[in-house]
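Me: I would like to go through the backbone and the core of this model with you. Please keep the answers brief.

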Amino acid sequence: MSNDAAEQVHRQFLDALDSGMVRRRSSLGLADVGLAPDRAAALFRSQALSRQLDRLSRKLQARGEGFYTIGSSGHESNAVLAEVLRTDDMAFLHYRDAAFQIHRAHRVPGENPAWDMLLSFVASADDPISGGRHKVLGSKRLFIPPQTSTIASHLPKAVGTAFSIGIARKMGFDDTVLARDGVVLCSFGDASANHSTALGAINTACWAAFQGTPMPIIFLCEDNGIGISTRTPPGWIEANFSTRAGLHYVACDGSDLIDTMRAGLEAESIARKQRKPVFLHMKTVRLYGHAGNDVQLAYRSKDEVRAEEERDPLLATAALLIEEGVMSAAEVRGEYYAIEATLERQVELAIARPKLHDARAVMASIVPPARALPDTPAFPLSGPRRSDIFADDAAAMEKPQHMAKLLSWALADVLLEHPNAIVCGEDVGPKGGVYAVTQKLHQRFGSARVINTLLDEQAILGLAIGAAHNGLLPLPEIQFLAYVHNAEDQIRGEAATLPFFSDGQFTNPMVVRIAGLPYQKGFGGHFHNDNSLAVFRDIPGVVLAVPSNGRDAVAMLRECVRLAYEEQRVVIFVEPIALYMTRDLHEPGDGLWASIYQPPGEGVIGFGEIGVAGAGTDLAIVTYGNGFYLSLQAQNLLAKQGVAVRVIDLRWLGPVNDDAVIGAVALCDHVLVVDECRITGSQSEALMALMAERLPDKAAARIVAQDSFIPLGRAATHTLPSRDGIVAKALEMVGRNNRPERGGIANP
């Protein structure tokens with residue numbers, strides 16, 4: 001798009017000042033809302049800087065030096081919220097909220113918002129928030145985490161952050177990022193308000209507030225009546241949100257500084273003093289197209305565009321200041337021009353600043369920096385408290401137990417060791433989870449630390465992300481693997497990208513526990529036996545752990561918690577459902593799959609450490625999860641036929657320790673990959689590629705699940721690898737069944 005629309009609005013602003021045709025929109029004055037003249041003038045300067053930056057972004061695009069043109073023109077009254085709220089109130093911002101960040105920056109000594117935004121426009125590596133990776137609003141010092149462009153995906157974590165303030169207080173945990181009386185701001189557009197993610201988040205806030213749970217959040221809906229080119233029906237936002245249970249509705253004219261101040265003060269008072277959620281409906285205008293290449297006249301009439309331009313909030317603020325005697329028209333013009341001149345000088349310097357120079361520089365913030373730890377352990381690993389917690393399980397802890405029981409104890413130890421840790425999810429409370437993995441945690445640690453959520457995976461993950469923003473250590477549970485797809489963007493688009501787009505300044509460490517994978521007997525079908533981990537495997541920076549047995553599960557969970565706590569990582573911990581209650585390996589009653597619980601500090605398994613069972617060199621089986629269980633059974637049968645097998649348990653699927661795998665299979669004549677996930681998108685693809693690249697002369701094949709969903713009943717395992725299928729393929733590969741060896745994919 002040309003710069004015509006922006007320049008037309010610019011000329012109209014100046015012409016109105018010259019002609020004296022500027023009119024205030026409100027009958028109220030500055031004194032009516034307690035706004036001092038100097039603060040009103042400061043708000044105008046923030047609005048004007050935002051407007052001039054919008055104009056400049058389009059000029060930069062035309063020069064090939066700028067890479068972002070979604071502007072804030074028409075939305076500049078969001079700066080009022082930056083005046084009303086404290087600078088330590090966390091703000092999750094709409095992409096049209098440059099004026100908010102500018103004004104908050106002007107309230108914090110040492111900030112230079114104009115220079116910072118110019119660096120982001122030109123994708124400079126000096127950009128103080130993203131390091132040149134994306135044009136995002138955000139600042140560590142200003143308590144503004146950067147947001148992605150995914151529509152409304154920031155609302156769940158904003159709700160989680162607001163919720164975390166109250167639970168931290170209830171927990172007695174004071175080492176939080178936000179103040180005990182803090183408020184969270186979450187802004188978005190009217191089009192975003194229709195997104196299922198937004199509706200779910202607002203519903204979660206209402207659900208909590210309806211029950212009396214503190215929820216100090218302001219949902220700022222900046223309603224300009226259109227989403228790109230799709231109109232919002234007049235009155236829709238008010239009709240949809242003004243009568244929601246548990247939600248206070250406040251409306252204002254976003255073209256009117258005074259009315260916005262009135263509404264902002266009311267919303268802030270409700271959120272801060274009553275700890276209730278507020279829906280602040282600010283009616284705004286969009287003065288240009290959606291972005292630099294969008295021409296509004298393609299879908300709006302000239303009369304509509306003209307009517308929008310007459311509601312220009314910058315012009316309305318100027319009129320207010322002139323009529324109140326704060327500034328003259330000449331002073332307003334002079335301030336406006338001075339901002340433009342300063343930006344034109346600064347932008348040439350910004351263009352010359354360094355850019356990201358190679359792939360390594362781009363990827364440097366995918367994995368966040370490790371946090372500084374105290375010299376002495378902050379949390380005791382033993383003592384009277386632990387003895388009391390486990391008193392009723394003391395006898396059972398002396399005997400071998402299955403994975404579900406062992407994980408339950410491990411979670412209790414995590415909550416003991418980390419007073420900022422919380423467990424949250426569907427049915428994790430008094431019920432103890434579908435498989436009793438969170439059994440007794442609620443009665444031992446209370447509802448502030450073991451949180452029953454509503455049935456909404458986006459809300460669960462949003463709670464975790466938000467709690468992590470506030471210094472808590474969340475362990476959310478997704479009840480079944482197939483359910484994560486309802487909310488995968490909270491991991492992919494939000495949690496995983498936060499350190500990347502903040503240059504490692506913001507992190508949201510957590511361990512997401514998910515019950516999943518196939519072979520569950522007597523229950524399920526696809527939605528309780530999903531056998532695809534592809535959704536996690538291609539997310540940069542995310543750790544994916546899959547234990548195969550109880551002993552490993554305990555050790556790996558502790559390592560996952562360490563990764564989250566010390567290294568600020570986002571970790572996915574997939575627990576094989578079919579192995580939760582398994583005790584026996586080869587024969588009924590052998591008890592070989594049960595283990596005695598090892599207390600913290602014992603049986604450590606490090607990140608990337610593989611497991612190796614056996615030392616045979618005829619064949620190496622590389623597998624994980626249920627595949628390790630089945631492969632050990634096959635190993636036993638193959639030994640009786642003279643085939644010496646070693647079985648490698650990957651344990652860590654994201655990333656796989658390639659060097660350890662190659663080292664473990666190097667001495668073996670053949671390699672068989674056993675993968676319970678589907679042919680397409682499974683770990684087996686990467687493993688076969690690894691063998692081809694690193695050991696091209698090694699005979700390798702794979703047994704993998706078919707590209708099918710899991711059916712119900714006895715047919716549930718027909719498409720999956722089996723013990724007997726592994727044995728048959730192994731014998732074929734080593735030449736013991738008189739059939740020619742072949743690579744590729746074997747039938748399960």
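Me: Is Ile228 exposed, partly exposed or buried?
Reply: Ile228 is partly exposed, at a relative accessible area of 47%; buried means under 20%, exposed over 50%, and partly exposed in between, with a 1.4 Å probe and protein chains only. The model is predicted, so local features need pLDDT of at least 70 and side-chain atom pairs pLDDT 80 or more, while totals for chains, interfaces and linings use all residues. Residues are numbered from 1 along each chain as its sequence is written, and side-chain values use heavy atoms, without hydrogens and water.

Me: What is the phi of Ile228, and where is this residue?
Reply: Its phi is positive, about 55 degrees, although Ile228 is not a glycine. Ile228 sits in the loop between strand 4 (226-227) and strand 5 (230-231); helices (H or I, at least four residues) and strands (E, at least two) are DSSP runs, numbered from the N terminus.

Me: And what about Ala123?
Reply: Ala123 also is not a glycine and has a positive phi of about 55 degrees. It belongs to the loop between helix 5 (113-121) and helix 6 (155-171).

Me: Which residues are joined by a cis peptide bond?
Reply: Gly654 and Pro655, with omega about -10 degrees. Most peptide bonds are trans.

Me: Changing topic, which residues touch the most other members of the largest nonpolar core?
Reply: Phe219, Leu533 and Phe536 do, in a core of 86 residues; such a core is a set of buried Ala, Val, Leu, Ile, Met, Phe, Trp, Tyr and Cys residues joined through side-chain atoms within 4.5 Å. Helix 6 gives the largest share, 9 residues.
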